[in-house]
Amino acid sequence: MRNSRVGIVSVCAAAVLVPLGLAGAVSARTAAARVQPPREIKSAGKIVYCSDITYPPEEFYGKGTTHPEGSDIDIGTGVARLMGVKAQFDNTGFDGVIPALLSKKCNAIISGMNDTAQRRKQVGFVDYLRVGQSLMVKKGNPDYINGLASLSGKTVSVELGTTNAAFLEKENQKLSAQHKAQITIQTFPKDTDAATALKTGRVQVYFGDSPVVAWYIKQDKSSFAFAGQPINPIPVGIAVRRNDPQLHTAVQKAIRIMYRNHSMTRILAKWHMTAFALHK
Amino acid sequence: MLAVVAWHVVWQRIAHPDHAFALALWRTVYISVAAQLIGVCLGLITALMRMSRLRVLRLVSGAYVLVFRGTPVIVQIFFVYFGANLLFGFTLIPNTVNFGLFALNGAVFAGIVALGINEGAYMREIYRAGIDAIDKGQMEAAKSLGMTYGLAMRRIILPQAARVIIPPLGNEFNNMLKTSSLVFFIGVTELFGDAEIRNSTAFQPVEYFTAVAFWYLVLTTIWSVIQAQIERALAREERGDQISFRERVFQAWAPVAAWRTGGSR
């Protein structure tokens with residue numbers, strides 16, 4: 001009898017202590033967090049990112065899964081880990097990410113978003129990369145595209161709401177001032193559809209960020225090729241609400257740590273994006 | 001919350017439409033009209049095929065409805081625009097389609113074709129219901145008078161069926177005006193695409209989408225008036241009544257009026 005009672009007690013003790021021990025481990029990890037997140041993120045246990053998950057290799061769904069992958073996903077997860085919380089990525093159309101952030105659907109945006117003066121009117125940025133923009137053409141470059149100057153009179157596909165789209169619009173204003181033929185800009189809500197338009201011969205050129213172009217070419221060497229050199233490097237940042245300075249500082253610290261302990265270098269090397277690091 | 005909306009932006013988008021907007025509005029109108037026309041023709045052809053004595057034609061007609069009513073229209077749009085090139089290895093629809101008098105952008109044309117084919121499947125069902133609604137005796141009487149099947153169809157059945165077909169057809173076109181916004185996904189800047197593109201640089205989604213909703217409402221209201229007019233014309237002999245243009249506009253807004261009068265109509 002006694003023995004069995006001891007047995008019950010020890011089982012009960014184990015039942016109580018094991019979860020306690022686990023909780024202890026979790027809180028120990030939180031204590032080990034190198035960056036203090038804002039209270040709402042800490043209590044939720046997760047940071048939610050809005051991201052347009054159609055932008056390989058920065059963010060995309062892995063083959064045959066509904067699991068987001070990519071450099072931004074790794075970086076966002078790294079930032080969350082330093083805060084001692086989980087990372088969650090919500091898929092949003094790119095033109096909708098800023099409204100989604102402002103309407104508090106998420107805590108931050110990580111979506112290969114260029115840090116521009118116009119966007120700074122709406123959100124705050126923590127820069128973590130610096131990428132150029134590249135022209136992509138059909139393999140063999142049948143239309144002899146070698147740079148911005150050769151786009152006059154051509155049809156170009158681009159993703160809606162990107163800096164690339166705005167850049168083409170500006171280029172068109174220049175062309176009309178010079179009385180040259182305009183670029184026909186075909187805007188797609190999803191970046192992968194803009195690339196499909198080139199693959200199916202609907203447009204002559206695709207215009208996007210250099211790492212993305214490099215990825216498309218790597219995936220489909222028989223269809224795509226670079227045209228000319230990358231142009232106009234712009235910083236890329238994680239966006240946060242302007243009235244959320246605590247998160248802004250936390251993300252800033254996390255990115256700095258990731259560059260210092262080389263975890264950023266490893267992530268970028270994994271996705272063949274070493275050339276786009278902020279600090280070399 | 002309403003105070004957050006920059007109403008002057010909404011007003012500016014409504015009262016001072018610019019050139020790019022006018023072009024987008026016009027695109028929405030002609031894409032919808034052209035697609036609906038294709039749908040009306042395809043629907044009639046396939047509805048007649050369904051009643052054919054040849055089994056092959058009946059099968060084709062049935063398969064057509066099965067496939068095009070059973071798959072999402074956005075998938076059909078992608079298939080017509082992108083899929084054909086990848087499947088058949090040649091460009092089914094060229095990037096510019098030349099009609100002699102005018103040239104159409106390939107994406108616009110693909111959109112019209114896809115929406116039209118999809119619409120045809122729904123129209124076939126509407127025709128079917130309309131034709132079935134006419135008493136069998138009508139056809140028998142026409143034939144006993146010496147009319148051929150085709151002539152009886154043209155002179156006796158279809159004119160009577162039209163009265164049953166027109167109201168749902170109007171409904172379909174109302175739908176088409178809004179469904180046409182899907183062609184934005186293949187890069188056609190129509191009414192909705194224009195709002196999306198402007199919003200993507202202005203970041204004022206509420207303002208831009210409120211304005212675009214207003215414009216869709218304008219289009220559908222205009223159509224309601226036209227539809228009422230067509231229905232009146234078809235029913236005139238029976239009812240013999242005439243109403244003014246003003247009354248027709250009010251009739252388009254009947255749901256609102258019903259609400260105001262407490263719905264007791």
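A: Chain A holds 10 helices and 10 strands, where helices (H or I, at least four residues) and strands (E, at least two) are DSSP runs numbered from the N terminus. This is a predicted model, in which local features need pLDDT of at least 70, side-chain atom pairs count only at pLDDT 80 or more, and totals for chains, interfaces and linings use all residues. Residues are numbered from 1 along each chain as its sequence is written, and chains are lettered from A and ligands numbered from 1 in the order in which they are written.

Q: Why is W271(A) called buried?
A: A residue is buried if 20 or more other C-beta atoms lie within 10 Å of its own, exposed if 12 or fewer, and partly exposed in between, with C-beta atoms placed from the backbone. W271(A) has 21 C-beta neighbours inside 10 Å, so it counts as buried. Of the 280 residues of chain A, 45% count as buried.

Q: Where is W271(A) found, and what is it in contact with, leaving aside its neighbours within four places in sequence?
A: W271(A) sits in the segment after α10 (263-270) of chain A. Two residues are in contact if their C-beta atoms, placed from the backbone, lie within 7 Å. With neighbours within four places in sequence left aside, W271(A) is in contact with P57(A), G70(A) and S71(A). W271(A) and P211(A) are 60 residues apart in sequence, and 8.9 Å separates them in space, C-alpha to C-alpha.

Q: What makes α3(A) and α9(A) roughly perpendicular?
A: Helix α3 (residues 71-83) and helix α9 (residues 245-260) of chain A pack at about 105 degrees, with their axes 9 Å apart. Axes are lines fitted to C-alpha atoms, for helices over the stretch in contact, and angles run from 0 to 180 degrees between N-to-C directions. Angles under 35 degrees count as roughly parallel, over 145 as roughly antiparallel, 65 to 115 as roughly perpendicular and the rest as oblique. α3(A) and α9(A) are therefore roughly perpendicular to each other. Among the residues making this contact are G78(A) and L82(A) of α3(A), and A250(A) and I257(A) of α9(A).

Q: How do the residues of the contact of α3(A) with α9(A) divide into nonpolar, polar and charged?
A: Ala, Val, Leu, Ile, Met, Phe, Trp, Tyr, Cys and Pro count as nonpolar, Asp, Glu, Lys and Arg as charged, and the others, Gly among them, as polar. By that rule the contact of α3(A) with α9(A) has nine nonpolar residues, one polar and no charged.

Q: What is the largest nonpolar core, and why does it lie between domain 2 and domain 3 of chain A?
A: A nonpolar core is a set of buried Ala, Val, Leu, Ile, Met, Phe, Trp, Tyr and Cys residues joined through C-beta atoms within 7 Å. The largest has 77 residues, and those with the most contacts inside it include Y49(A), I109(A) and V251(A). Its largest share, nine residues, comes from strand β6 (residues 123-138) of chain A. Domain 2 (36-130 + 234-276) and domain 3 (132-233) of chain A both give residues to this core, so it lies between them. The domain bounds come from an automatic or database domain assignment. Leaving aside neighbours within four places in sequence, the contacts of I109(A) include Y49(A), V97(A) and I238(A).

Q: Which helix supplies the largest share of the side of chain B that touches chain A?
A: The contact takes 18 residues from chain B and 19 residues from chain A. On the chain B side, α8(B) gives the largest share, five residues.
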